Amino acid sequence: LRVGLVAPDDGGETLFLDRALAIGRAPAVELVRLTSAPGSADALARFGVVMYWDVAPTPSAALTEWVNKGGGVVVVAGRRLAARRGELGAFPAARMVGLADRTADRGGTLRDVRLEHPLFTPFRDVPEALRSVRWWRYPRLDAGPDADVLARFDDGVPAMLETRTG
């Protein structure tokens, strides 16, 4: 699976993601770091997924058409997107409404994880692995009307959303 990663840094911020994806075998993942989002149909056709690391996808006809034909977009929201507030660019599955700071209460945890979703297949036998991680800061999201909430933080804020298109 060829994944295009659009990230605003040199790789230090995404080091753990890079390493985690490199060990996968089913499917094997080839991560291609991009300096900007692919803007043409030809550039997008090289990838199965384009991941936006704390940057919003730029709306374009080519991106919309690619997604409608089965291309995947993943938006990883962090402090940059949380600071800008509002819609997430090309795919408004959620609105950013700020940043949760849970340092004073020992951090938040995941709850209401939809373990039947294929994304969580590796965790079906050990759901505690997901629920034991502490999240000190995370974006506060309001799910859009077409978004399916796959996981929430213990304060009710959506942690992972999915929107199917096309």
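Is Asp-112 buried or exposed? In this predicted model, Asp-112 has a relative accessible area of 56% and is therefore classed as exposed, the threshold for that class being over 50%. Asp-112 lies in the loop that connects S7 with helix H5 (128-131). Although Asp-112 is not a glycine, its phi is positive, at about 50 degrees.

A positive phi is also found at Arg-106, likewise a residue other than glycine, where the value is near 70 degrees. Arg-106 is located in the loop between strand S6 (94-101) and S7. With a relative accessibility of 58%, Arg-106 counts as exposed.

Strand S7 belongs to an open sheet of 3 strands, arranged in the order S7-S9-S10 with antiparallel pairing. S7 and strand S10 (158-162) form the edges of this sheet, each pairing on one side only. Strand S9 (residues 148-153) and S10 run antiparallel and are joined by 4 bridges. In the pairing with S10, Asp-148 has Glu-162 as its bridge partner.

Terms used. Residues are numbered from 1 along each chain as its sequence is written. This is a predicted model: local features need pLDDT of at least 70, side-chain atom pairs count only at pLDDT 80 or more; totals for chains, interfaces and linings use all residues. Side-chain values use heavy atoms; hydrogens and water are left out. Two strands pair if DSSP finds at least two bridges between them. Helices (H or I, at least four residues) and strands (E, at least two) are DSSP runs, numbered from the N terminus. Buried means under 20% relative accessible area, exposed over 50%, partly exposed in between (1.4 Å probe, protein chains only).
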